[in-house]
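Reader: Please take a close look at one part of this model, the side of one chain that touches its partner, and describe it in one connected answer.

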Amino acid sequence: MIENNEIEKRLASALNAAAPDMLDELMAELDLTENPEPSLREKLAGDGQERYKKAAIRSRSFRALISCAAALIILVGAAAVWKNINDRVFAVVDLDVNPSIELSINGKEKVIGAEAVNEDGEVILADMDLRGSDVKVACNAIVGSMLTKGYLTDKSNSLMVSVSAGDPEKGHEIEQKLSDGISSYLDDSDITAAILGQYVEDDDELEDFAEENGISLGKAWLIRKLMETGGQKMTEESLLELSTQELIVLGQERNAEGVIMQGTAYTGEYIGYENALSAALGDAGLDSSQITDPEVEMDCENGAMIYEVEFRYGGQEYEYEIAASTGEIIKSEKDIDDDRNDDDDHDQDHDDHDDDDDD
Amino acid sequence: MATLQLDENLIIRMASNDGAAFRELYQQTSGVVYGFAMSILRNKHDAEDVMHDAFIRIHASAVTYKPSGNPMAWILTIVRNLCLNRIRAGKVCEELPEYDELAGTSNDSDTMLDRMVLETAMNVLDAEERQIVILHAMTGFKHREIAEILDLPTGTILSKYNRALKKIRKEMESKGVDR
């Protein structure tokens with residue numbers, strides 16, 4: 001008989017043999033060397049003194065130049081000067097909780113501009129000078145301030161990290177890195193946070209939409225992606241009325257394309273799919289064993305979160321809208337089921353009431 | 001079975017970008033990280049992706065690591081979360097993995113038998129059983145420690161562990177491996 005011990009030993013040995021070797025690749029990606037680079041201070045004390053001294057001086061005056069330039073921009077809006085002394089905007093990072101903040105970063109992932117997209121964003125940025133800092137550090141600082149100012153709580157636990165960049169691959173990479181960084185930063189806090197990460201394919205239409213409605217590009221993009229999920233009641237206007245938390249919940253529940261969730265957005269405010277179905281069944285005087293094809297989706301209508309419930313019974317198609325937070329029945333409809341032999345999406349606009357079996 | 005002991009200082013050293021510490025941590029944990037990801041995802045390609053992301057995450061999170069006396073559990077929690085995120089995001093391949101590829105090219109009888117045990121475990125065990133047996137096999141953790149990582153009661157771990165090994169043994173015996 002083959003012993004437990006041997007089974008385990010063989011399992012471990014097979015898996016160890018199957019594990020790929022990605023050490024070199026990881027070290028390169030993380031920019032790690034076996035002998036860590038000596039710090040500037042150590043270099044100054046060492047041999048190549050002159051060279052590093054110069055570098056230090058240059059970087060100091062460079063920094064002074066940047067703060068002068070920043071002042072200039074505020075005073076006269078001399079964007080050209082800014083461009084000359086700094087890299088071009090390489091990527092734009094949006095952080096949305098309720099405060100929305102947009103960071104422009106250069107190719108070295110340093111912040112070259114920070115802008116509040118709404119009033120709450122101004123509150124967060126008021127006492128912060130993020131220019132020149134590493135974008136990851138900047139994001140953690142912003143999130144930290146959102147936490148202490150009470151914008152992130154157990155019930156409103158979600159934030160959105162959106163990145164747009166000329167280079168999609170690099171953009172995805174930055175998004176992933178920032179989401180991971182914020183996630184581990186929040187691991188130390190008292191709340192269980194959820195992060196929605198997305199890469200934004202910026203275009204003029206999207207920029208106009210964001211600007212007209214005073215929202216970040218990231219929020220505009222999520223609204224576009226939510227519209228593509230085909231919610232029956234969803235409109236752009238109604239999505240615009242939702243809070244960031246509600247938009248993230250919808251992104252999560254409707255599995256919007258390109259949305260990557262870390263953690264789970266809090267949905268305890270809502271009655272849940274099963275209760276929504278029960279509420280509809282209760283109203284119809286049916287129980288779950290009698291019906292077929294039940295479908296429950298989270299949706300939004302007139303700026304409120306709803307469950308869209310559908311099922312079939314006795315040759316009829318039932319449709320309900322249930323308020324997601326109270327379970328109240330907002331609307332109910334019963335129609336002859338003209339879709340009985342059709343596996344496709346259930347189109348609510350059917351008005352030809354023939355229930356024969358043509359295709 | 002020897003318990004996989006990991007020096008907490010490695011993580012602390014990693015926080016200051018110490019490449020040697022990263023190498024050492026990788027060498028001690030890469031097999032377990034991969035094996036645990038395989039046990040959850042049951043797919044070679046996804047497990048490789050998670051392994052890659054896990055080491056990036058471990059490196060990034062080293063700064064916030066709070067010494068707890070069980071760094072391996074910390075690492076395995078990172079791996080588990082990455083796997084679960086992946087499943088939740090619907091990114092996991094549903095196809096059955098190619099077990100032939102699993103154990104490399106060597107064809108000696110010992111390796112073949114290793115591969116056969118792995119293949120059997122992957123085929124006859126359910127997800128929780130796979131995780132329990134593989135964690136036990138690769139880390140030597142106590143059932144209580146595995147219970148904490150998997151967020152399951154210790155009793156469940158014990159009974160599932162025993163049932164899982166019985167299943168593997170039975171299947172192996174039916175394939176004529178009986179010794």
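Author: The answer goes from the chain itself to its interface.

This is a predicted model, in which local features need pLDDT of at least 70 and side-chain atom pairs count only at pLDDT 80 or more, while totals for chains, interfaces and linings use all residues. Residues are numbered from 1 along each chain as its sequence is written, chains are lettered from A and ligands numbered from 1 in the order in which they are written, and side-chain values use heavy atoms, with hydrogens and water left out.

Chain B has eight helices and zero strands (DSSP runs, H or I of at least four residues for helices and E of at least two for strands, numbered from the N terminus). Of its 179 residues, 54% are buried (under 20% relative accessible area, with a 1.4 Å probe and protein chains only).

The contact (heavy atoms within 4.5 Å) takes 50 residues from chain B and 42 residues from chain A. About 4200 Å² is buried between the two chains, with 61% from carbon and sulfur atoms; this buried area is the accessible area (1.4 Å probe) that two parts lose on being put together, summed over both.

Three salt bridges cross the interface (a side-chain nitrogen of Lys or Arg within 4 Å of a carboxyl oxygen of Asp or Glu). One of them joins B:Asp110 to A:Arg10, with the closest N and O atoms 3.1 Å apart. On the side of chain B that touches chain A, at least two residues each come from α2 (19-41), α3 (44-61), α4 (71-88), α5 (109-124), α6 (127-139) and α8 (154-174). The most come from α2(B), with 12 residues.

Notes: Buried < 20%, exposed > 50% of the residue type's maximum accessible area, 1.4 Å probe, protein only.
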